[in-house]
Amino acid sequence: MSHAIILDGTSLAAQQREALRPRIAALQGHGVRPRLDVIVAGDDPASAVYVRTKMRTAGEIGVESAVHRLSDTTSEEELLQRIAPLNADPLIHGILVQLPLPDHIASHHAIAAIAPEKDVDGFHPQNVGALVSGRPTIIPCTPAGIMVMLESGKVPLWGKHAVVVGTSNIVGKPVAMLLLQQGATVTLCNSKTPDLAAMTRQGDILIVAVGRPGLITGAMVKPGAAVIDVGISRLSNGKLSGDVDFDGACQVAGWISPVPGGVGPMTVAMLIANTVLAAERMQAPK
Ligand code: NAP
């Protein structure tokens, strides 16, 4: 029985971070310490874990970070007022607003308030537009990490059929654009897709970003496919789960990414890479 190649996001993310060291050293040689500022509004427990991981990982590699904590009653106007001085500060290279925000704040307003050149999540409309038109400036972290994982496994994309399940602005849509730009034929599926299995079984590349454990079984995977599981859900036993039945899919797929230890660490590595890139661009002669 065949067994898939595991796309190990933990070790690949470590390699990606190590590759940043000389670039960070070069910036430091010019007196620049790359810095990421994170704004958190409210006390979503999952956000707290993600922010701690981002800051710890940044610090380990010499990227400075600061977190700006706002209460869950902060108004949208107050939040926007906190972003403006960060935009103007030349010592800050990356800014992100941790999502989700409290319901009374429109996340698209907060994202649009970030200076596009400091938008290390790549969610600002200007950066989204650049990505869609095929000249990306800053690539959103999770899709960027997925593309690096596929490249590390030498997964062929050109002329292949990529099926993306889940169409969020932060994962599904941008990764579909990147796959398209690499020559894949792309199908996007959502909760209204009538026969999901009929779609997923066509995917030479199958990207799943839904947030429903067990949604994709081995029987829904095309033999030899590259399966990237983006989902992260906390099960009642406390364990993390992706959207794909890993054991079942492993028997069918050619490549597969695990959860945990797959896309998650890659996302954080790409965030740090985007911060370093933003710092380099701010240094470059205009
Ligand atoms: P999201 O905004 O939560 O949207 C979910 C998407 O899944 C929607 O497009 C929805 O379709 C679709 N969907 C829901 N049920 C479905 C079904 N039964 N069949 C097919 N499609 C279905 O998505 P997200 O923010 O990208 O998050 C998705 C998952 O990825 C979550 O578990 C999240 O925690 C995880 N995530 C992980 C990382 C990482 O670094 N590893 C990063 C980001 C997100 P409709 O549009 O029709 O509602």
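**Ligand, cavity, cysteines**

Mentor: Start with isoleucine 232: a polar backbone atom there is 3.0 Å from an oxygen atom of the ligand. Keep in mind that this is a predicted model.

Trainee: How much of the ligand does the protein bury?
Mentor: The protein buries 71% of the 920 Å² that the ligand exposes when taken alone.

Trainee: Which residues come nearest to the ligand?
Mentor: There are 22 residues around the ligand. Thr167, Ser168, Ser191, Lys192 and Thr267 come nearest.

Trainee: What does serine 191 put by the ligand, side chain or backbone?
Mentor: Side chain. A polar atom of the serine 191 side chain lies 2.6 Å from a ligand oxygen atom.

Trainee: And threonine 167, side chain or backbone?
Mentor: Backbone. A polar backbone atom of threonine 167 is 2.9 Å from an oxygen atom of the ligand.

Trainee: New topic. How many cavities of 30 Å³ or more are there?
Mentor: The count is 1. The largest cavity has a volume of about 30 Å³.

Trainee: What lines the largest cavity?
Mentor: Leu96, Val97, Ile111, Ile114, Asp119, Asp121 and Phe123. That lining divides into 5 nonpolar residues, 2 charged and no polar.

Trainee: Now cysteines. How many disulfides?
Mentor: The count is 0.

Trainee: Is cysteine 141 buried or exposed?
Mentor: Cysteine 141 counts as buried because its relative accessible area is 5%, and the cut-off for buried is under 20%.

Trainee: What about cysteine 250, buried or exposed?
Mentor: Buried as well, with a relative accessible area of 2% for cysteine 250.

Terms used: Residues are numbered from 1 along each chain as its sequence is written. This is a predicted model: local features need pLDDT of at least 70, side-chain atom pairs count only at pLDDT 80 or more; totals for chains, interfaces and linings use all residues. Side-chain values use heavy atoms; hydrogens and water are left out. On a 1 Å grid over the protein atoms alone, a cavity is a set of points where a 1.4 Å probe fits but cannot get out, and a pocket is an open set with protein on both sides within 12 Å along at least five of seven lines; lining residues have an atom within 4 Å of a point. Grid points are joined across faces, edges and corners, and a volume is the space filled by probe spheres set on the points. Ala, Val, Leu, Ile, Met, Phe, Trp, Tyr, Cys and Pro count as nonpolar, Asp, Glu, Lys and Arg as charged, and the others, Gly among them, as polar. A disulfide is a pair of cysteine sulfur atoms within 2.5 Å. Buried means under 20% relative accessible area, exposed over 50%, partly exposed in between (1.4 Å probe, protein chains only). A residue is near a molecule or strand if one of its heavy atoms lies within 4 Å of it. A polar contact is a pair of N or O atoms within 3.5 Å; within protein, one must be able to donate a hydrogen and the other to accept it, and residues adjacent in sequence count only if both atoms are side-chain atoms. Accessible areas come from the Shrake-Rupley method with a 1.4 Å probe; for residues, only the protein chains shown count as cover.
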